[in-house]
Amino acid sequence: MSATRFSESVTGGIRDGVLVVTIDNAPVNAISAHVRQGLVKALDHAAALVMVVGVVITGAGRAFVGGADIKEFGKPPVEPTLPEVIERIESYSKPVVATINGAALGGGCEIALACHGRIASDKATFGMPEVKLGIVPGAGGTQRLPRLIGTVAAIDLIGSGRTVKSGEALSLSLVDGISADHLDAALSLVHDLASEPLRRTGMLEVPAAESAAVDAAVKKVLSKARGQAAPAEAVRLVKAAANVDLKQGLADERATFLRLRDSNEAAALRHVFFAERQAGKVDKLEGIAPRKIETVGIVGTGLMGAGIAVAALTAGYRVVGIEQTEDAAAKGRERIAGILDKAVQSGRLAATARDECLARLAVAANISKLAAADLIIEAVFDDLAVKTELFRRLDGIVRPDAILATNTSYLNPDEIAAATAHPKRVVGLHFFSPANIMRLVEVVDCKATAPDVLASALAFARKLGKLPVVCGVTEGFIGNRIFSAYRREAEFMIEDGAAPEQVDAALEGYGFPMGIFTVYDMAGLEIAWARRKRQAATRDPQARYVEIADQLCEAGRFGRKTGKGWYDYASGEKAVDPEVTALIAAARKAKDISPRSFTPNEIVDRLLRAMADEGAALLTEGIAARSSDIDLVMINGYGFPAHKGGPMFAAETHKDMTP
Ligand code: 3H9
């Protein structure tokens, strides 16, 4: 098969009378201008050759086509546009079959939809993740997908942006077949199709759907939208496909795509997309190989340790859990098995995978079992004496090349490292609870951490499927330091006249799933109280200090678990408590503060500024390497709405500083 080059990224060769067109635009075959130009040239070429019966389109490498080139968004348009290319494919006089060898996402899926047949490999995945970028599909996806798989399934896929594997794609009728020899299967499909009228997706009727099922699918999508525009627009367009002709539906889709593409929301989500791909990249680690990690020791199998164990087991590691007594070890094993069982019940894990995980797990009361571990993570009580004592003991037990990680939230990991004979092998791995679910891990580069230890910690976190963000040593690392500044500012506003429920409502209106005082009650007030008491002696006496949270704790109001905190939970529901209102009023009076009113905009604006200012300090101090890392920490650890881009993005662009 001699190859013809149609553009820098598109080549073709004739096989069995079919032009096999390959898109090769590493790393993900995004549809850059030269891909679009190459595809049109390839179609022109095949149209002119009488001996060619049809065309197969496939991708080089691991992806079929990863979607439109997101880097082109915001730049002047270059002809031909993707809708033009797709229209050309759909109306082509000879059969065009997509051979989907890997990810067919966004515009990649739209190309496949416009073809006259689709054959998937068993590694193929399909999705329309546009809503995750704050946009809707812009090359016919909202109009063609419902014609092929029905309105309800199309609302689910486009509204959620989720990706499906080839098996599910086949059961949805998104593809015509799955084959290990997908290219051969596609060639034979072209020959079959050549003898019959072509099935053009855009010409199909949208199958009738029950309105109750459509309403339920819409409700599900909108319940997760948290104030974002794109999911509602996507759902509207998919529903319209059943009622308007293709041309009108495509025009509406295109106009919506272009409007959303230029919105603040889309800019914020693009920022998050690229921020995630930057995270964990460290210049000084260029060329440094991570150490091999196969067995992970976890000291402490409480809530946090068990969550970490589950994350490590499901990523394929062997895990050795350590407890102080046989009884505690048995309970730890039960806790880990319980989390795995829940994952099976909710369909996130296959029962066979759970059994494999349990076969790789040992929980013992004998710390010497850690001699086999390549990485040891401590998840014991957050107390300096406890942790330093443990690390000192580990020196005599673990292998000389084993890595020691601390999961402390607030203690100084340099002090923990100093307790060992080899501080170079110590690193921080700050997981968020529940550790098997939360994506964020702050990877703490301590004073003495060796580069290959840091590289190993990053590689480990990535293998767990986590989002690792590197940070230096500071009280509370990136997230808790910003959270403290955020909480301090919220308490200032309470003292000045805002009510906790007003602050929470303003934050929820901005897109946080929960306001800060509700979060505070969920987490419990006592840990921060204990820390404030520890810090009392060194606190700047001139700095403003709000006593209200201390007074709530003194009154035994530790949050949800004690039935009351900033709110009252006696009825089972969160309710404003007149006792708290009175306590706040008394605190204001004691300081001669006349309460003033706050608008939701002012509340959000002040909280965003407090976060961004603390973030700027973290950058100046070299604790965070880039402001986008700070955004990721707040989005993935503290509920900051991704569609606002994170506090630093909101501050830098001056967008959405008021909602
Ligand atoms: C769309 O299609 C709109 C259409 O409806 C309408 C148009 C008219 N563009 O994730 P990775 C880069 S919207 C440009 O680590 P993986 C990425 O930045 C698009 N660049 O790889 C990174 O660069 P670097 C809808 C892209 O193997 C490198 O590729 N499509 C794009 O873990 C590797 O990325 C999507 O939203 C892109 N589209 O995962 C799909 N995609 O090395 C987005 C990636 O410099 N992409 N890059 O840091 C993905 O979900 C994953 O990249 C994918 C591969 C699953 C494909």
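Me: Is Glu378 buried or exposed?

Reply: Glu378 is buried, with a relative accessible area of 0%. Buried means under 20% relative accessible area, exposed means over 50%, and partly exposed is in between (1.4 Å probe, protein chains only). Before we go on, this is a predicted model, where local features need pLDDT of at least 70 and side-chain atom pairs count only at pLDDT 80 or more, while totals for chains, interfaces and linings use all residues. Residues are numbered from 1 along each chain as its sequence is written, and side-chain values use heavy atoms, with hydrogens and water left out.

Me: Thanks! Where is Glu378 found, and what does it touch?

Reply: Glu378 is in strand β15, residues 375-378. Helices (H or I, at least four residues) and strands (E, at least two) are DSSP runs, numbered from the N terminus. Setting aside residues up to four places away in sequence, Glu378 touches Val299, Lys387, Leu390, Phe391, Ala405, Thr406, Asn407 and Thr408. Contact here means heavy atoms within 4.5 Å.

Me: Which backbone nitrogen lies 3.0 Å from a polar atom of the Glu378 side chain?

Reply: That is the backbone nitrogen of Val380. For a polar contact, the cut-off is a pair of N or O atoms within 3.5 Å; within protein, one must be able to donate a hydrogen and the other to accept it, and residues adjacent in sequence count only if both atoms are side-chain atoms.

Me: Switching to helices, how many residues does α24 have?

Reply: Helix α24 (residues 600-620) has 21 residues and reaches 30 Å from its first C-alpha to its last, close to the 30 Å expected at 1.5 Å a residue. The expected span of a helix is 1.5 Å times one less than its number of residues.

Me: What covers the buried residues of α24?

Reply: The cover includes α18 (477-496), α19 (500-510), α25 (627-638) and α26 (647-653). Among the buried residues of α24 are Ile603, Asp605, Leu608, Glu614 and Leu618. Just after α24, Gly622 takes a positive phi of about 75 degrees.

Me: And α25, how many of its residues are buried?

Reply: In α25, 12 of the 12 residues are buried, so this helix is largely enclosed by the rest of the structure. The cover over its buried residues includes α11 (264-278), β18 (440-444), β19 (467-471), α18, α24 and α26. The end C-alpha atoms of α25 are 16 Å apart, which agrees with the 16 Å that its 12 residues should span at 1.5 Å a residue. After α25 comes Gly639, with a positive phi near 75 degrees.

Me: Which residues other than glycine have a positive phi?

Reply: Phe477 is one of them, with phi near 55 degrees, and Asp592 is another, at about 60 degrees. Phe477 is found in helix α18 and is buried, with a relative accessible area of 1%. Asp592 sits in the loop between α23 (578-590) and α24, and counts as exposed at 72% relative accessibility.

Me: Cysteines next. How many disulfides are there?

Reply: The structure holds 0 disulfides, a disulfide being a pair of cysteine sulfur atoms within 2.5 Å. Cys471 is in no disulfide, and the nearest cysteine sulfur, that of Cys446, is 9.0 Å away. Cys471 counts as buried at 1% relative accessibility.

Me: What about rings, how many aromatic pairs turn up?

Reply: A search of the whole structure finds 14 aromatic pairs. Rings of Phe, Tyr and Trp (its six-membered ring) pair if their centres lie within 6.5 Å; planes under 30 degrees apart count as stacked, over 60 as edge-to-face and the rest as tilted. Phe273 and Phe274 have ring centres 5.1 Å apart and planes at 85 degrees, so the pair is edge-to-face. There is also one aromatic cluster formed by Phe432, Phe483, Tyr486, Tyr510, Phe512, Tyr638 and Phe640.

Me: Which ring does the charged end of Arg596 sit over?

Reply: The charged end of Arg596 sits over the ring of Phe598, 4.0 Å from its centre. Lys463 lies over the face of Tyr317, at 4.5 Å from the ring centre. A charge sits over a ring if NZ of Lys or CZ of Arg is within 6 Å of the ring centre and within 35 degrees of the ring normal.

Me: Last one, which residues does a cis peptide bond join?

Reply: Ser433 and Pro434 are joined by a cis peptide bond, with omega about -5 degrees. The bond from Glu79 to Pro80 is also cis, with omega near -10 degrees.
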